[in-house]
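I set out to look up a few things in this structure and note them as I went.

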Amino acid sequence: MKQTIFTIQENKQLTTTTWRMKLSGDTSDIKSAGQFVNIKLDGYFLRRPISVCDLEGDILTIIYKVLGQGTEEMTQFSIGKKLDVLTGLGNGYDLSLSGERPVLIGGGVGIPPLYLAAKKLIADGKKVTAVLGYNASDEIYYVDEFKDLGCEVIVATLDGSVGKKGFVTDALKELKGEDCGYTYFYTCGPEPMLKAVYNVTKTSGQLSFEERMGCGFGVCMGCSCKTVSGYKRICKEGPVLKKEELLW
Amino acid sequence: MADTKVRLCGIEIDNPIIPASGTFGYGYEMAEYYDINCLGTFSFKGTTKDPRFGNETPRIAECPAGMLNSVGLQNPGVDKVVSEELPKLATVFDKKVMANVSGFSIDEYVHVCERLDKVDQVGWLEVNISCPNVHGGGMSFGTNPRQASSVVTEVKKVTTKPVIIKLTPNVTDITSIALACEEAGADGISLINTLLGMRIDIKTGKPVLANIMGGLSGPAIFPVALRMVYQVAKAVNVPVIGMGGVSSAEDVIEMMMAGATAVGVGAVNLVNPFASRDIVNNLPLVMEKYGIENLNSIIGMSQEGIQYG
(Lines give C-alpha, C1' and ligand atoms only; values in the text may rest on other atoms or scores of the structure.)
Protein backbone atom coordinates (compact mmCIF):
# COMPACT_ATOMS: atom_id res chain seq x y z
CA MET A 1 0.00 0.00 0.00
CA LYS A 2 1.13 3.51 -0.78
CA GLN A 3 -0.45 6.85 0.08
CA THR A 4 0.05 9.24 -2.82
CA ILE A 5 -1.36 12.45 -4.21
CA PHE A 6 -2.80 11.97 -7.70
CA THR A 7 -3.83 14.68 -10.16
CA ILE A 8 -7.01 14.37 -12.21
CA GLN A 9 -6.26 14.33 -15.96
CA GLU A 10 -9.75 13.41 -17.18
CA ASN A 11 -13.22 13.09 -15.65
CA LYS A 12 -15.56 12.01 -18.39
CA GLN A 13 -19.17 10.84 -18.39
CA LEU A 14 -19.59 7.48 -20.13
CA THR A 15 -23.31 6.83 -19.51
CA THR A 16 -26.07 8.47 -17.47
CA THR A 17 -24.63 7.04 -14.24
CA THR A 18 -21.07 5.98 -15.06
CA TRP A 19 -17.94 8.12 -15.24
CA ARG A 20 -14.31 7.55 -16.11
CA MET A 21 -11.51 9.31 -14.28
CA LYS A 22 -7.86 9.30 -15.31
CA LEU A 23 -5.36 10.21 -12.63
CA SER A 24 -1.62 10.76 -12.81
CA GLY A 25 0.66 9.84 -9.94
CA ASP A 26 2.83 7.12 -8.43
CA THR A 27 1.23 3.88 -9.60
CA SER A 28 4.21 1.71 -8.63
CA ASP A 29 2.37 -0.16 -5.90
CA ILE A 30 -0.38 -1.41 -8.20
CA LYS A 31 0.68 -4.95 -9.05
CA SER A 32 -2.27 -6.72 -10.62
CA ALA A 33 -5.64 -6.42 -12.33
CA GLY A 34 -8.43 -6.66 -9.77
CA GLN A 35 -6.71 -4.54 -7.13
CA PHE A 36 -8.37 -1.33 -5.97
CA VAL A 37 -7.53 2.17 -4.80
CA ASN A 38 -9.13 4.06 -1.90
CA ILE A 39 -9.81 7.73 -2.52
CA LYS A 40 -10.21 10.47 0.12
CA LEU A 41 -12.89 13.04 -0.70
CA ASP A 42 -13.03 16.36 1.13
CA GLY A 43 -15.94 16.45 3.57
CA TYR A 44 -16.42 12.68 3.73
CA PHE A 45 -14.96 10.60 6.53
CA LEU A 46 -14.44 7.26 4.80
CA ARG A 47 -12.52 6.81 1.59
CA ARG A 48 -14.16 5.51 -1.60
CA PRO A 49 -12.79 2.12 -2.71
CA ILE A 50 -12.76 1.85 -6.53
CA SER A 51 -11.21 -0.86 -8.69
CA VAL A 52 -8.34 -0.25 -11.06
CA CYS A 53 -9.61 -0.27 -14.66
CA ASP A 54 -6.39 0.45 -16.48
CA LEU A 55 -2.79 1.40 -15.91
CA GLU A 56 -0.52 3.05 -18.46
CA GLY A 57 2.73 4.25 -16.92
CA ASP A 58 1.80 6.80 -14.28
CA ILE A 59 -1.79 7.10 -15.51
CA LEU A 60 -4.40 5.25 -13.49
CA THR A 61 -7.89 4.83 -14.94
CA ILE A 62 -10.91 4.20 -12.73
CA ILE A 63 -14.56 3.93 -13.68
CA TYR A 64 -17.13 4.83 -11.05
CA LYS A 65 -20.90 4.75 -10.80
CA VAL A 66 -22.83 7.52 -9.07
CA LEU A 67 -24.31 5.70 -6.07
CA GLY A 68 -24.38 8.34 -3.35
CA GLN A 69 -23.35 11.86 -2.40
CA GLY A 70 -19.62 11.14 -2.56
CA THR A 71 -19.60 9.75 -6.08
CA GLU A 72 -22.10 12.43 -7.13
CA GLU A 73 -19.61 15.03 -5.97
CA MET A 74 -16.78 13.29 -7.82
CA THR A 75 -18.55 13.99 -11.12
CA GLN A 76 -17.95 17.71 -10.50
CA PHE A 77 -14.17 17.37 -10.01
CA SER A 78 -12.10 19.33 -12.53
CA ILE A 79 -8.92 18.44 -14.32
CA GLY A 80 -5.93 19.38 -12.19
CA LYS A 81 -7.61 18.65 -8.86
CA LYS A 82 -5.42 16.69 -6.43
CA LEU A 83 -6.71 13.58 -4.68
CA ASP A 84 -5.24 11.64 -1.73
CA VAL A 85 -5.24 8.00 -2.86
CA LEU A 86 -4.17 4.74 -1.21
CA THR A 87 -2.95 2.43 -3.99
CA GLY A 88 -2.02 -1.22 -4.30
CA LEU A 89 -4.87 -2.50 -2.15
CA GLY A 90 -6.19 -6.05 -2.16
CA ASN A 91 -5.27 -9.20 -4.02
CA GLY A 92 -6.05 -9.04 -7.72
CA TYR A 93 -6.72 -11.76 -10.26
CA ASP A 94 -4.15 -14.53 -10.65
CA LEU A 95 -3.93 -14.53 -14.43
CA SER A 96 -1.47 -17.44 -14.53
CA LEU A 97 -4.37 -19.87 -14.13
CA SER A 98 -6.30 -18.67 -17.19
CA GLY A 99 -5.52 -21.46 -19.67
CA GLU A 100 -5.64 -20.59 -23.36
CA ARG A 101 -9.25 -19.38 -23.66
CA PRO A 102 -10.37 -17.53 -20.53
CA VAL A 103 -13.76 -15.87 -20.35
CA LEU A 104 -14.25 -12.58 -18.50
CA ILE A 105 -17.74 -12.02 -17.14
CA GLY A 106 -18.63 -8.52 -15.99
CA GLY A 107 -21.86 -6.95 -14.83
CA GLY A 108 -22.45 -3.18 -14.76
CA VAL A 109 -19.93 -1.35 -12.65
CA GLY A 110 -18.14 -4.69 -12.12
CA ILE A 111 -16.75 -4.51 -15.65
CA PRO A 112 -13.78 -2.13 -15.12
CA PRO A 113 -11.28 -4.46 -13.34
CA LEU A 114 -11.76 -6.99 -16.15
CA TYR A 115 -10.43 -4.47 -18.67
CA LEU A 116 -6.89 -4.56 -17.25
CA ALA A 117 -7.19 -8.34 -16.89
CA ALA A 118 -8.16 -8.60 -20.60
CA LYS A 119 -5.28 -6.38 -21.62
CA LYS A 120 -2.74 -8.50 -19.75
CA LEU A 121 -4.22 -11.81 -20.92
CA ILE A 122 -4.16 -10.71 -24.55
CA ALA A 123 -0.58 -9.50 -24.18
CA ASP A 124 0.16 -13.03 -22.98
CA GLY A 125 -1.31 -14.45 -26.20
CA LYS A 126 -4.56 -15.78 -24.74
CA LYS A 127 -7.81 -15.92 -26.70
CA VAL A 128 -10.13 -13.85 -24.51
CA THR A 129 -13.94 -13.72 -24.56
CA ALA A 130 -15.65 -10.92 -22.61
CA VAL A 131 -19.30 -11.36 -21.61
CA LEU A 132 -20.53 -7.94 -20.52
CA GLY A 133 -23.92 -7.47 -18.91
CA TYR A 134 -25.93 -4.25 -18.50
CA ASN A 135 -29.46 -3.38 -17.47
CA ALA A 136 -30.30 -1.43 -20.63
CA SER A 137 -28.73 0.09 -23.75
CA ASP A 138 -28.21 3.50 -22.12
CA GLU A 139 -25.94 1.89 -19.53
CA ILE A 140 -23.56 0.29 -22.02
CA TYR A 141 -19.93 1.36 -21.92
CA TYR A 142 -16.52 -0.07 -22.84
CA VAL A 143 -17.75 -2.64 -25.39
CA ASP A 144 -15.58 -1.08 -28.10
CA GLU A 145 -12.62 -0.80 -25.73
CA PHE A 146 -12.73 -4.56 -25.04
CA LYS A 147 -13.05 -5.21 -28.81
CA ASP A 148 -10.08 -2.92 -29.50
CA LEU A 149 -7.97 -5.02 -27.17
CA GLY A 150 -8.80 -8.02 -29.34
CA CYS A 151 -11.44 -9.68 -27.18
CA GLU A 152 -14.47 -11.43 -28.59
CA VAL A 153 -17.29 -9.49 -26.90
CA ILE A 154 -20.77 -10.78 -26.11
CA VAL A 155 -23.22 -8.24 -24.73
CA ALA A 156 -26.27 -9.09 -22.64
CA THR A 157 -28.92 -6.58 -21.60
CA LEU A 158 -31.75 -7.28 -19.19
CA ASP A 159 -34.26 -5.41 -21.35
CA GLY A 160 -32.97 -7.02 -24.56
CA SER A 161 -32.30 -3.66 -26.19
CA VAL A 162 -28.80 -4.70 -27.26
CA GLY A 163 -27.25 -8.14 -27.67
CA LYS A 164 -28.60 -11.17 -25.89
CA LYS A 165 -31.70 -10.53 -23.77
CA GLY A 166 -31.14 -11.62 -20.20
CA PHE A 167 -28.30 -12.06 -17.71
CA VAL A 168 -24.61 -12.66 -18.39
CA THR A 169 -25.26 -16.29 -17.52
CA ASP A 170 -27.74 -16.53 -20.41
CA ALA A 171 -25.07 -15.18 -22.74
CA LEU A 172 -22.50 -17.53 -21.26
CA LYS A 173 -24.57 -20.52 -22.41
CA GLU A 174 -24.05 -19.37 -26.03
CA LEU A 175 -20.32 -20.01 -25.80
CA LYS A 176 -19.46 -22.92 -28.07
CA GLY A 177 -16.32 -24.87 -28.76
CA GLU A 178 -14.56 -27.87 -27.38
CA ASP A 179 -15.46 -28.51 -23.76
CA CYS A 180 -17.57 -25.56 -22.65
CA GLY A 181 -15.92 -22.92 -24.85
CA TYR A 182 -13.59 -21.52 -22.15
CA THR A 183 -10.74 -22.78 -20.01
CA TYR A 184 -11.21 -20.56 -16.93
CA PHE A 185 -13.30 -17.58 -15.81
CA TYR A 186 -12.73 -14.22 -14.18
CA THR A 187 -15.76 -12.26 -12.99
CA CYS A 188 -16.84 -9.13 -11.18
CA GLY A 189 -20.32 -7.74 -10.61
CA PRO A 190 -23.18 -7.60 -8.13
CA GLU A 191 -23.28 -10.54 -5.72
CA PRO A 192 -26.44 -12.19 -7.17
CA MET A 193 -24.66 -12.22 -10.54
CA LEU A 194 -21.53 -13.72 -9.00
CA LYS A 195 -23.64 -16.45 -7.44
CA ALA A 196 -25.31 -17.22 -10.77
CA VAL A 197 -21.91 -17.29 -12.52
CA TYR A 198 -20.58 -19.58 -9.79
CA ASN A 199 -23.49 -21.95 -10.37
CA VAL A 200 -23.39 -22.15 -14.19
CA THR A 201 -19.66 -22.07 -14.92
CA LYS A 202 -18.13 -25.43 -15.77
CA THR A 203 -14.52 -24.55 -15.03
CA SER A 204 -12.65 -23.09 -12.12
CA GLY A 205 -12.36 -19.34 -11.86
CA GLN A 206 -11.97 -16.23 -9.72
CA LEU A 207 -14.65 -13.84 -8.47
CA SER A 208 -14.18 -10.27 -7.31
CA PHE A 209 -16.37 -9.15 -4.42
CA GLU A 210 -17.67 -5.84 -3.18
CA GLU A 211 -18.33 -4.93 0.47
CA ARG A 212 -18.69 -1.79 2.55
CA MET A 213 -15.23 -1.14 3.91
CA GLY A 214 -13.84 0.80 6.82
CA CYS A 215 -10.13 1.01 6.12
CA GLY A 216 -9.53 -0.96 2.92
CA PHE A 217 -6.14 -2.22 4.12
CA GLY A 218 -6.95 -4.99 6.54
CA VAL A 219 -7.11 -3.65 10.09
CA CYS A 220 -10.75 -2.89 10.90
CA MET A 221 -12.43 -6.24 10.10
CA GLY A 222 -15.32 -4.34 8.53
CA CYS A 223 -15.51 -6.46 5.37
CA SER A 224 -14.91 -10.01 6.56
CA CYS A 225 -16.46 -13.06 4.93
CA LYS A 226 -16.40 -16.78 5.62
CA THR A 227 -14.60 -19.14 3.20
CA VAL A 228 -13.63 -22.81 3.21
CA SER A 229 -10.22 -21.75 4.50
CA GLY A 230 -11.45 -19.53 7.31
CA TYR A 231 -12.34 -15.88 7.58
CA LYS A 232 -11.06 -13.57 4.85
CA ARG A 233 -11.06 -9.81 4.54
CA ILE A 234 -12.51 -8.65 1.21
CA CYS A 235 -10.07 -5.72 1.26
CA LYS A 236 -6.92 -7.71 2.06
CA GLU A 237 -7.11 -11.38 1.03
CA GLY A 238 -9.81 -10.36 -1.48
CA PRO A 239 -11.46 -8.70 -3.30
CA VAL A 240 -10.70 -11.62 -5.63
CA LEU A 241 -11.48 -15.07 -4.26
CA LYS A 242 -11.16 -18.41 -6.02
CA LYS A 243 -14.31 -20.39 -6.81
CA GLU A 244 -13.08 -23.28 -4.64
CA GLU A 245 -12.77 -21.01 -1.60
CA LEU A 246 -16.42 -20.02 -1.54
CA LEU A 247 -18.99 -21.56 0.77
CA TRP A 248 -21.86 -21.26 -1.77
CA MET B 1 13.27 19.68 23.69
CA ALA B 2 9.67 18.88 24.48
CA ASP B 3 9.26 15.99 26.91
CA THR B 4 6.47 13.68 25.76
CA LYS B 5 7.03 10.89 28.29
CA VAL B 6 4.20 9.93 30.62
CA ARG B 7 3.69 7.16 33.18
CA LEU B 8 0.71 4.93 32.65
CA CYS B 9 -0.07 2.76 35.67
CA GLY B 10 3.56 2.39 36.64
CA ILE B 11 4.97 1.92 33.14
CA GLU B 12 6.72 4.82 31.44
CA ILE B 13 5.83 5.31 27.79
CA ASP B 14 7.72 7.52 25.31
CA ASN B 15 4.61 9.46 24.41
CA PRO B 16 0.92 9.28 25.31
CA ILE B 17 -0.24 8.09 21.85
CA ILE B 18 -2.06 4.75 21.93
CA PRO B 19 -3.87 3.54 18.79
CA ALA B 20 -7.21 2.27 20.03
CA SER B 21 -8.39 -1.31 19.98
CA GLY B 22 -10.06 -2.37 16.75
CA THR B 23 -8.32 0.20 14.60
CA PHE B 24 -4.84 -1.29 14.64
CA GLY B 25 -5.27 -5.07 14.32
CA TYR B 26 -2.56 -6.92 16.25
CA GLY B 27 -0.04 -4.28 15.24
CA TYR B 28 2.03 -6.25 12.75
CA GLU B 29 -0.50 -5.46 10.01
CA MET B 30 0.29 -1.74 10.48
CA ALA B 31 4.01 -2.42 10.79
CA GLU B 32 3.94 -3.17 7.05
CA TYR B 33 3.40 0.57 6.59
CA TYR B 34 5.60 2.21 9.24
CA ASP B 35 7.77 1.45 12.28
CA ILE B 36 5.19 1.20 15.05
CA ASN B 37 7.87 1.53 17.75
CA CYS B 38 7.31 5.29 17.47
CA LEU B 39 4.04 4.85 19.42
CA GLY B 40 3.63 5.03 23.18
CA THR B 41 2.00 1.62 22.84
CA PHE B 42 -1.21 0.40 21.19
CA SER B 43 -4.25 -1.56 22.28
CA PHE B 44 -4.74 -4.70 20.23
CA LYS B 45 -7.97 -6.05 18.73
CA GLY B 46 -10.58 -6.98 21.33
CA THR B 47 -9.91 -10.59 22.29
CA THR B 48 -12.37 -13.13 23.64
CA LYS B 49 -12.04 -16.69 24.97
CA ASP B 50 -13.20 -18.39 21.78
CA PRO B 51 -12.75 -17.36 18.14
CA ARG B 52 -15.52 -15.07 16.86
CA PHE B 53 -16.54 -14.20 13.31
CA GLY B 54 -18.55 -11.26 14.55
CA ASN B 55 -21.66 -9.81 12.96
CA GLU B 56 -22.94 -10.19 9.42
CA THR B 57 -21.93 -7.57 6.83
CA PRO B 58 -22.46 -4.72 6.07
CA ARG B 59 -20.64 -3.79 9.26
CA ILE B 60 -19.62 -0.27 8.28
CA ALA B 61 -21.64 2.89 7.58
CA GLU B 62 -20.42 6.40 6.94
CA CYS B 63 -21.64 9.38 8.99
CA PRO B 64 -20.92 13.10 9.03
CA ALA B 65 -17.38 13.34 10.47
CA GLY B 66 -17.36 9.72 11.49
CA MET B 67 -18.47 6.17 10.97
CA LEU B 68 -20.53 3.39 12.48
CA ASN B 69 -19.18 -0.10 12.95
CA SER B 70 -20.83 -3.31 14.01
CA VAL B 71 -17.85 -5.64 13.57
CA GLY B 72 -18.93 -7.56 16.65
CA LEU B 73 -15.53 -8.44 18.13
CA GLN B 74 -14.20 -10.59 15.32
CA ASN B 75 -11.02 -12.20 16.68
CA PRO B 76 -9.21 -15.55 16.59
CA GLY B 77 -9.69 -16.26 20.33
CA VAL B 78 -7.14 -15.83 23.11
CA ASP B 79 -5.24 -19.08 22.50
CA LYS B 80 -4.43 -18.13 18.91
CA VAL B 81 -3.70 -14.55 19.91
CA VAL B 82 -1.08 -15.83 22.35
CA SER B 83 0.34 -18.56 20.09
CA GLU B 84 0.20 -16.78 16.70
CA GLU B 85 -0.60 -13.06 16.76
CA LEU B 86 1.65 -11.94 19.62
CA PRO B 87 4.75 -13.78 18.32
CA LYS B 88 4.19 -11.99 14.97
CA LEU B 89 3.91 -8.69 16.84
CA ALA B 90 7.14 -9.45 18.75
CA THR B 91 9.08 -9.37 15.48
CA VAL B 92 8.12 -5.73 14.83
CA PHE B 93 7.36 -4.16 18.24
CA ASP B 94 9.82 -3.93 21.13
CA LYS B 95 7.51 -2.27 23.65
CA LYS B 96 4.84 -3.52 26.00
CA VAL B 97 1.46 -3.83 24.30
CA MET B 98 -1.94 -3.15 25.79
CA ALA B 99 -4.14 -6.25 25.61
CA ASN B 100 -7.82 -5.50 24.98
CA VAL B 101 -10.06 -8.08 26.61
CA SER B 102 -13.74 -8.68 25.96
CA GLY B 103 -16.17 -11.14 27.40
CA PHE B 104 -19.80 -12.07 27.65
CA SER B 105 -19.57 -13.44 31.18
CA ILE B 106 -17.38 -12.83 34.21
CA ASP B 107 -15.84 -16.27 33.70
CA GLU B 108 -14.82 -15.31 30.19
CA TYR B 109 -13.13 -12.07 31.31
CA VAL B 110 -11.30 -14.00 34.01
CA HIS B 111 -10.20 -16.75 31.59
CA VAL B 112 -8.83 -14.31 29.00
CA CYS B 113 -7.10 -12.09 31.57
CA GLU B 114 -5.52 -15.08 33.30
CA ARG B 115 -4.15 -16.29 29.95
CA LEU B 116 -2.78 -12.87 28.98
CA ASP B 117 -1.32 -12.24 32.44
CA LYS B 118 1.32 -14.88 31.65
CA VAL B 119 2.48 -13.08 28.48
CA ASP B 120 5.52 -10.91 29.07
CA GLN B 121 4.80 -8.71 26.02
CA VAL B 122 1.57 -7.53 27.61
CA GLY B 123 2.01 -4.44 29.75
CA TRP B 124 -1.59 -3.60 30.58
CA LEU B 125 -4.95 -5.32 30.38
CA GLU B 126 -7.62 -3.05 28.96
CA VAL B 127 -10.92 -4.65 29.86
CA ASN B 128 -13.80 -3.64 27.61
CA ILE B 129 -16.98 -3.84 29.68
CA SER B 130 -19.29 -2.64 26.90
CA CYS B 131 -20.25 -6.18 25.93
CA PRO B 132 -23.64 -7.59 26.88
CA ASN B 133 -23.68 -9.96 29.87
CA VAL B 134 -25.27 -13.17 28.60
CA HIS B 135 -26.05 -14.22 32.17
CA GLY B 136 -27.43 -10.81 33.12
CA GLY B 137 -30.27 -10.33 30.67
CA GLY B 138 -27.99 -9.06 27.92
CA MET B 139 -27.36 -5.67 29.50
CA SER B 140 -23.81 -4.43 29.08
CA PHE B 141 -21.58 -4.89 32.14
CA GLY B 142 -20.57 -1.29 31.71
CA THR B 143 -24.04 0.14 32.26
CA ASN B 144 -24.35 -0.99 35.86
CA PRO B 145 -21.90 0.00 38.63
CA ARG B 146 -22.39 -3.30 40.49
CA GLN B 147 -21.72 -5.47 37.43
CA ALA B 148 -18.78 -3.31 36.37
CA SER B 149 -17.35 -3.60 39.84
CA SER B 150 -17.65 -7.40 39.90
CA VAL B 151 -15.74 -7.70 36.61
CA VAL B 152 -12.90 -5.65 38.13
CA THR B 153 -12.88 -7.61 41.39
CA GLU B 154 -12.71 -10.99 39.66
CA VAL B 155 -10.15 -9.96 37.04
CA LYS B 156 -7.86 -8.40 39.62
CA LYS B 157 -7.67 -11.77 41.38
CA VAL B 158 -5.95 -13.41 38.39
CA THR B 159 -3.46 -10.79 37.27
CA THR B 160 -0.66 -8.64 38.59
CA LYS B 161 -0.65 -6.47 35.48
CA PRO B 162 -2.38 -3.10 35.61
CA VAL B 163 -6.08 -3.43 34.80
CA ILE B 164 -7.60 -0.56 32.85
CA ILE B 165 -11.36 -0.60 32.47
CA LYS B 166 -12.75 0.70 29.17
CA LEU B 167 -16.10 2.36 29.69
CA THR B 168 -19.10 2.68 27.43
CA PRO B 169 -20.53 6.20 27.06
CA ASN B 170 -24.05 4.79 26.59
CA VAL B 171 -25.00 5.39 30.23
CA THR B 172 -26.75 8.05 32.28
CA ASP B 173 -23.87 8.76 34.64
CA ILE B 174 -20.45 7.59 33.55
CA THR B 175 -18.69 8.83 36.69
CA SER B 176 -20.66 6.45 38.90
CA ILE B 177 -19.40 3.52 36.79
CA ALA B 178 -15.84 4.87 36.85
CA LEU B 179 -15.94 5.30 40.63
CA ALA B 180 -17.29 1.77 41.11
CA CYS B 181 -14.41 0.41 39.00
CA GLU B 182 -11.83 2.43 40.91
CA GLU B 183 -13.23 1.27 44.22
CA ALA B 184 -13.06 -2.36 43.04
CA GLY B 185 -9.37 -1.94 42.32
CA ALA B 186 -9.10 -0.77 38.71
CA ASP B 187 -5.64 0.67 37.99
CA GLY B 188 -6.91 2.96 35.25
CA ILE B 189 -9.96 3.97 33.25
CA SER B 190 -10.16 4.35 29.48
CA LEU B 191 -13.02 6.09 27.74
CA ILE B 192 -14.98 6.43 25.62
CA ASN B 193 -16.01 3.38 23.67
CA THR B 194 -18.32 4.11 20.70
CA LEU B 195 -21.72 5.78 20.94
CA LEU B 196 -24.63 3.66 19.78
CA GLY B 197 -26.11 4.87 16.50
CA MET B 198 -27.73 3.81 13.24
CA ARG B 199 -28.23 4.82 9.60
CA ILE B 200 -30.95 4.00 7.10
CA ASP B 201 -30.49 3.62 3.34
CA ILE B 202 -33.26 5.86 2.01
CA LYS B 203 -33.28 4.00 -1.32
CA THR B 204 -34.51 0.85 0.45
CA GLY B 205 -35.82 2.15 3.78
CA LYS B 206 -33.66 -0.47 5.51
CA PRO B 207 -30.86 0.00 8.06
CA VAL B 208 -27.43 0.18 6.42
CA LEU B 209 -25.87 -2.15 9.00
CA ALA B 210 -26.87 -5.81 9.00
CA ASN B 211 -26.81 -5.54 12.80
CA ILE B 212 -29.16 -2.50 12.54
CA MET B 213 -27.19 -0.53 15.15
CA GLY B 214 -23.49 0.14 15.51
CA GLY B 215 -20.93 2.22 17.36
CA LEU B 216 -20.22 5.78 16.25
CA SER B 217 -16.60 6.89 16.20
CA GLY B 218 -14.57 9.62 14.53
CA PRO B 219 -14.25 13.39 15.00
CA ALA B 220 -18.03 13.69 15.45
CA ILE B 221 -17.75 12.25 18.97
CA PHE B 222 -14.70 14.20 20.14
CA PRO B 223 -16.56 16.84 22.20
CA VAL B 224 -18.69 14.18 23.88
CA ALA B 225 -15.61 12.11 24.68
CA LEU B 226 -13.73 15.15 25.97
CA ARG B 227 -16.61 16.06 28.26
CA MET B 228 -16.75 12.54 29.70
CA VAL B 229 -12.97 12.37 30.14
CA TYR B 230 -13.19 15.68 32.03
CA GLN B 231 -15.94 14.35 34.29
CA VAL B 232 -14.28 11.00 34.99
CA ALA B 233 -10.78 12.41 35.48
CA LYS B 234 -12.20 14.83 38.01
CA ALA B 235 -13.93 12.03 39.89
CA VAL B 236 -11.22 9.35 40.05
CA ASN B 237 -7.61 9.28 41.21
CA VAL B 238 -6.34 6.56 38.84
CA PRO B 239 -4.94 7.49 35.40
CA VAL B 240 -7.41 8.01 32.57
CA ILE B 241 -6.85 7.20 28.89
CA GLY B 242 -8.93 9.63 26.87
CA MET B 243 -10.21 8.59 23.46
CA GLY B 244 -13.02 9.29 21.04
CA GLY B 245 -12.50 11.14 17.76
CA VAL B 246 -8.92 12.18 18.45
CA SER B 247 -7.38 13.06 15.07
CA SER B 248 -4.50 15.47 15.69
CA ALA B 249 -1.76 16.43 18.14
CA GLU B 250 -3.95 19.38 19.16
CA ASP B 251 -6.73 16.94 20.09
CA VAL B 252 -4.20 15.02 22.20
CA ILE B 253 -3.29 18.19 24.10
CA GLU B 254 -6.98 18.97 24.62
CA MET B 255 -7.69 15.46 25.97
CA MET B 256 -4.75 15.76 28.37
CA MET B 257 -5.87 19.17 29.57
CA ALA B 258 -9.26 17.56 30.29
CA GLY B 259 -7.48 15.06 32.51
CA ALA B 260 -6.17 12.22 30.34
CA THR B 261 -2.74 10.77 31.13
CA ALA B 262 -2.60 9.01 27.75
CA VAL B 263 -4.69 9.34 24.62
CA GLY B 264 -6.24 6.74 22.33
CA VAL B 265 -6.36 7.32 18.59
CA GLY B 266 -9.05 5.32 16.82
CA ALA B 267 -11.12 5.81 13.70
CA VAL B 268 -8.67 8.18 12.03
CA ASN B 269 -6.23 5.26 11.64
CA LEU B 270 -8.71 3.72 9.23
CA VAL B 271 -8.83 6.66 6.84
CA ASN B 272 -5.23 7.73 7.24
CA PRO B 273 -3.08 4.68 7.96
CA PHE B 274 -0.21 6.98 9.00
CA ALA B 275 -2.31 9.11 11.35
CA SER B 276 -0.91 7.82 14.66
CA ARG B 277 2.68 8.18 13.46
CA ASP B 278 1.93 11.70 12.22
CA ILE B 279 0.38 12.65 15.57
CA VAL B 280 3.47 11.34 17.39
CA ASN B 281 5.69 13.42 15.09
CA ASN B 282 3.58 16.55 15.39
CA LEU B 283 3.13 16.43 19.15
CA PRO B 284 6.51 18.06 20.07
CA LEU B 285 5.90 20.78 17.47
CA VAL B 286 2.46 21.57 18.86
CA MET B 287 3.83 21.51 22.42
CA GLU B 288 6.49 24.00 21.40
CA LYS B 289 3.89 26.20 19.74
CA TYR B 290 1.88 26.41 22.98
CA GLY B 291 4.92 26.62 25.25
CA ILE B 292 4.42 23.19 26.82
CA GLU B 293 7.75 21.72 27.94
CA ASN B 294 6.49 18.65 29.74
CA LEU B 295 3.20 16.92 29.02
CA ASN B 296 2.74 15.94 32.66
CA SER B 297 2.29 19.62 33.46
CA ILE B 298 -0.92 19.87 31.43
CA ILE B 299 -2.73 16.72 32.60
CA GLY B 300 -6.03 17.94 34.02
CA MET B 301 -5.09 21.62 33.88
CA SER B 302 -8.58 22.56 32.67
CA GLN B 303 -9.93 21.25 35.98
CA GLU B 304 -7.97 23.66 38.13
CA GLY B 305 -9.93 26.30 39.94
CA ILE B 306 -13.20 25.28 38.33
CA GLN B 307 -16.15 24.24 40.43
CA TYR B 308 -17.95 21.61 38.42
CA GLY B 309 -21.64 21.42 39.29
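**Salt bridges**

I looked up B:Asp120 to begin with: it is exposed, at a relative accessible area of 62%. Here exposed means over 50% relative accessible area, buried means under 20%, and partly exposed is in between (1.4 Å probe, protein chains only).

I note the ground rules. This is a predicted model, in which local features need pLDDT of at least 70 and side-chain atom pairs count only at pLDDT 80 or more, while totals for chains, interfaces and linings use all residues. Residues are numbered from 1 along each chain as its sequence is written, chains are lettered from A and ligands numbered from 1 in the order in which they are written, and side-chain values use heavy atoms, with hydrogens and water left out.

Which residue does B:Asp120 meet in a salt bridge? I found B:Lys96, at 3.5 Å from N to O. A salt bridge here is a side-chain nitrogen of Lys or Arg within 4 Å of a carboxyl oxygen of Asp or Glu. B:Lys96 is in the loop between α2 (78-90) and β6 (97-101) of chain B, and B:Asp120 is in the loop between α3 (106-117) and β7 (122-128) of chain B, so the pair ties together parts 24 residues apart in sequence. Helices (H or I, at least four residues) and strands (E, at least two) are DSSP runs, numbered from the N terminus. B:Lys96 is partly exposed, at 34%.

I then checked B:Asp187, which forms a salt bridge with B:Lys156, the closest N and O atoms being 2.9 Å apart. B:Asp187 lies in the loop between α5 and β9 of chain B and B:Lys156 in helix α4 (residues 145-156) of chain B, so this pair ties together parts 31 residues apart in sequence. Both count as partly exposed, B:Asp187 at 24% relative accessibility and B:Lys156 at 28%.

I searched the whole structure as well and got 18 salt bridges over all chains.

**Helix α6 of chain B**

I compared the length of helix α6 (residues 222-235) of chain B with expectation. Its 14 residues should span 20 Å at 1.5 Å a residue, and its end C-alpha atoms are 20 Å apart, which agrees. The expected span is 1.5 Å times one less than the number of residues.

I listed the buried residues of α6(B), among them B:Phe222, B:Leu226, B:Met228 and B:Tyr230. What covers the buried residues includes α5 (174-183), β9 (188-191), β14 (240-242) and α7 (249-258) of chain B, with contact taken as heavy atoms within 4.5 Å.
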